[in-house]
Amino acid sequence: MAERPRITPRDAGAVPAVREDLRSALPAVEAERHVTDWGRSERVEAVVDRLAVDVLYRLWFRVSVEGIENVPAHGGALLVSNHAGALPPDAAMIAKAIKEEHPQPRPLHLTVEHFFKGYPGFSMLLPKIGAVPAHPANVHRLLWDEQQLVLVFPEGRKGTEKLYKDRYRLRRFGRGGFVQAAMRARAPIVPVAVVGAEEAQPVFAQLSLLQRLTGLLYVPLTPTFPHLGPLGMLGYLPAKFTIRFMEPIPTADLGDEPWEDQALVQTIAHDVRARIQDELDDMLAQRDSVWLG
Amino acid sequence: MRARRILITGAATHWGGALARALEADPEIETIVGIDREDPVVELERTEFVRVGAQHQLLRRILRAARIDAVIDTRMVVDSTTATARAAHENNVIGTMELLAACSSTDEPPALVFKSSAHWYGVGQDDPAYFTEDMGRGTRPRTALERDIVEAEAAVAEYAERHPQTPVAVLRFVNVLGPGLRTSHTDLLGLPAIPAILGFDPRYQFVHEDDVVGALEHALRQGLHGTYNCAADGVLAWSEVAGLLGKLPVPILAPWGTGLSAAALRPLGIRIPPEMLRQLRFGRALDNRALKTTGLRLRYTTRETVLKLREHQRLRPLRSRMGEPYRYEREVEEFLRRSPAARGALEAPGPDAGAPRSGPAGGFDALEAEEVVAVLDALDPASLQVLRAHEAGNAARPRVLAAIDALIAGRG
C-alpha cells in the first residue's frame with residue numbers, strides 16, 4: 001500500500017481537488033426518464049418555451065444573434081455574459097439563441113445563486129429549466145466531466161441590482177472564480193455581450209425596506225413592479241435584443257495548475273470583462289433605436 | 001492478505017443478517033461470527049452468533065479467541081425514528097469507540113469495513129449537486145444524528161491512522177430502499193400520496209438493499225482502504241419518485257414552519273425525522289464514481305430501485321398472509337451446529353460427491369438432486385430428519401424431499 005489516502009481530509013474545501021479522471025464512470029443516461037440528474041425537465045422546459053420564451057424571442061425582443069459559430073459544437077465551454085434586469089430575461093434568450101441558431105443545438109446550463117434553492121417555487125422551477133446553483137464543484141462537473149455548456153454572469157447580483165442610470169457599465173467580475181473554473185476544466189471561455197436587457201426591464205430604485213420585510217434578495221422598482229404584484233416581475237418592455245458571441249479564449253494550454261496563479265487569473269478576468277465592455281460600446285454606438293435596433 | 005475469519009457486528013440488523021448469509025456461501029471464508037444485542041432476524045446457516053453488547057473487554061476476547069482478521073461494522077443507526085436520540089448516540093458513538101478499542105488491543109488489528117451514511121455530509125442550501133469523498137462538510141452538523149455519525153467516522157479515521165498496515169474502508173450510503181427494510185423513507189413512500197414541502201422538488205438518490213450488501217462484501221474482499229460514497233446511478237426529482245410509484249406528490253408541508261407542519265402529521269402516524277425534512281427541502285446526491293472505479297457493479301439504478309419498491313408495495317398485501325417470520329431459538333441453532341447427528345447428516349453428501357465443502361450444509365445445496373438421492377441410503381434416520389428439514393427450508397427440491405420421505409417411511 002504505497003499511497004495511503006487519508007480517511008477524512010480535515011482541510012477539505014468546497015473546490016474539488018484535482019482527482020483522477022473519472023469521466024468513464026459517469027452514470028449512463030436512462031432513456032425512459034424525462035428529467036436529468038440535475039433536475040432538468042424536458043417537459044417543463046418545453047412548456048415554458050412554448051408559453052413564454054418563444055414569444056419573447058421572436059416577437060417581443062426580436063432577438064438578433066451574431067457570432068453563433070463561436071459557440072463550440074463539442075466539449076465543455078464557459079459562456080460569460082453581462083447581466084441586467086430585475087428578473088433578467090438575458091439567460092433565457094442566450095439559451096434560446098443557441099437552440100435556434102446553432103447548427104448543433106446544445107442545452108445551456110445557467111448558474112444561479114444558492115439563494116434560490118431555499119426559496120419555495122423558485123427552488124422547484126429553476127432546476128427544471130436548466131439552472132444549477134453556482135457552486136464551483138457543479139460548474140466543474142458540468143464543464144469537465146459532462147462536457148456541457150455553462151453560462152455564468154460574473155457580475156452576479158451586482159449586475160441585477162444595478163440601476164437604469166448605470167446601464168451597460170459592467171460591474172466588477174468577482175474574484176475571477178469563473179476563470180479558475182474554466183482553467184480547471186480546460187474549457188474555453190466564450191464572452192457574450194447582450195444589448196437590450198437593460199431597457200427591457202429598467203430598474204429605477206432598490207426598495208431596501210421592502211427587501212428587509214420580505215427577505216427577498218432584492219426588491220427593485222421597475223415600470224411594473226412591485227405595484228402590479230409578483231407577476232409584475234415579468235413585465236418586460238419590448239426592447240430590441242442583440243446577442244453577440246465572441247471568439248473563445250482557450251484555457252487548455254496555460255501550463256500546470258494555472259488556477260493557482262492569482263495574477264494570471266485576474267488578468268484573464270479583466271481581459272474578458274474589457275472585451276465584453278468594448279463590444280457593448282460598439283453595439284450601442286451602432287444602435288439607432290432602443291426599440292427597433 | 002485475504003480476510004478469512006470475519007466478525008459482523010450488528011448481526012441482528014437487516015444488514016448484518018443479509019451480509020452473513022452472503023458470506024456463508026463462500027467456502028474460502030472459514031469463520032463468520034455475528035454479534036449483536038438482539039437475536040438475529042434471519043435464519044443463519046453456519047454463522048456463530050454471540051449475543052453481546054459493545055463492551056470492549058468482551059469483544060476483545062471474542063476477537064482474540066476466534067482469531068478474527070476482518071470486522072464488518074453494520075451497526076450504525078441512520079434513521080432517527082428507529083431509536084431514541086440517546087440510544088442512537090450510545091450505539092453510534094460509544095459503540096464504535098468500544099469496538100475500535102477492542103480491535104486496537106489485539107496483536108494484529110483486524111481490517112475494518114465501516115457502514116456509514118451520507119448523513120455525514122448533512123443537507124444544506126449551499127451544498128454542491130454531488131458530494132465527492134474529498135469534500136468536507138459545509139456547515140456544522142444540524143441534527144443529533146449527523147453529529148453522531150461525524151463523531152463515529154472521526155473515531156474510525158483515528159483507528160486507520162494509528163494502524164497504517166490495516167485496510168479501513170468507510171462506506172457512506174445514501175438512503176436505502178428495499179423489500180426487507182423499513183425506514184422512514186419506505187414508510188413515507190408507502191402512503192397513498194407522497195408528502196412534499198410546498199414549492200420544493202428536491203433531488204433524491206437511493207440505493208437498493210441488495211447493492212448495500214454487495215458493496216460491503218466488495219469492500220471486504222478487495223481490502224478497500226479509504227472513504228467511499230455508495231449510491232446508485234441516477235438522481236431523481238421527488239416528484240419523479242412519486243410518479244414512478246404511481247402516486248401523487250401532495251405539498252402538505254408548509255415551506256415556512258415546516259417542522260410544525262410535520263409535527264401536525266404525527267397524530268396521523270406519519271413520522272418525518274428532522275434529517276429527512278432537510279432532504280425534502282434541499283435534496284442531496286453523491287458522486288458514486290470512486291467506488292465504481294474499484295470494480296463494484298451495482299445492480300440497480302436509483303430509478304430501478306424505486307421500481308423495485310413499487311413491485312414490493314403492490315405485492316405486499318398478497319404476501320403478508322404467507323409464512324411465519326423467522327424466530328431465533330438458541331437451542332435449535334446450537335443443535336444444528338454442535339450435535340454430531342446434525343453435523344453427520346449435513347456433511348455426509350459433501351465428500352461422497354466430491355462437491356466443494358463450505359461448512360455443514362453450504363455445499364449440499366449445490367448438489368444435483370440425483371446426487372443427493374444417491375447418497376441417502378447411507379444415512380441414519382436422525383440424519384435423514386435433519387436433512388429433510390434443511391432441504392425443506394432451503395432448496396426444497398420435490399425429488400429429494402420425496403426420496404427422503406420414502407426412505408423414512410420404509411425404515412419406520
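Domain bounds here come from an automatic or database domain assignment. The model is predicted: local features need pLDDT of at least 70, side-chain atom pairs count only at pLDDT 80 or more, and totals for chains, interfaces and linings use all residues. Residues are numbered from 1 along each chain as its sequence is written, and chains are lettered from A and ligands numbered from 1 in the order in which they are written.

**Exercise 1.** State which domains chain B has and how their centres are placed.

*Solution.* Domain 1 of chain B comprises 5-175 + 204-231 + 283-302, and domain 2 comprises 330-411. Taken over C-alpha atoms, their centres are 35 Å apart.

**Exercise 2.** Determine the strand order of the open sheet in chain B and identify its edges.

*Solution.* Strands are DSSP runs (E, at least two residues), numbered from the N terminus, and helices are runs of H or I with at least four residues. Two strands pair if DSSP finds at least two bridges between them. The seven strands of chain B follow the order β3-β2-β1-β4-β5-β6-β11, with parallel pairing. At the edges stand β3 (48-51) and β11 (226-230) of chain B, each with a single partner strand, so one side of each has no neighbour in the sheet. Next, consider one pair: β1 (residues 5-9) and β4 (residues 70-73) of chain B are joined in the parallel sense over four bridges. Within this pair, Ile8(B) has Ile72(B) of β4(B) as its bridge partner.

**Exercise 3.** Compare the span of helix α9 of chain A with its expected span.

*Solution.* The expected span is 1.5 Å times one less than the number of residues. Helix α9 (residues 262-286) of chain A has 25 residues and reaches 36 Å from its first C-alpha to its last, close to the expected 36 Å.
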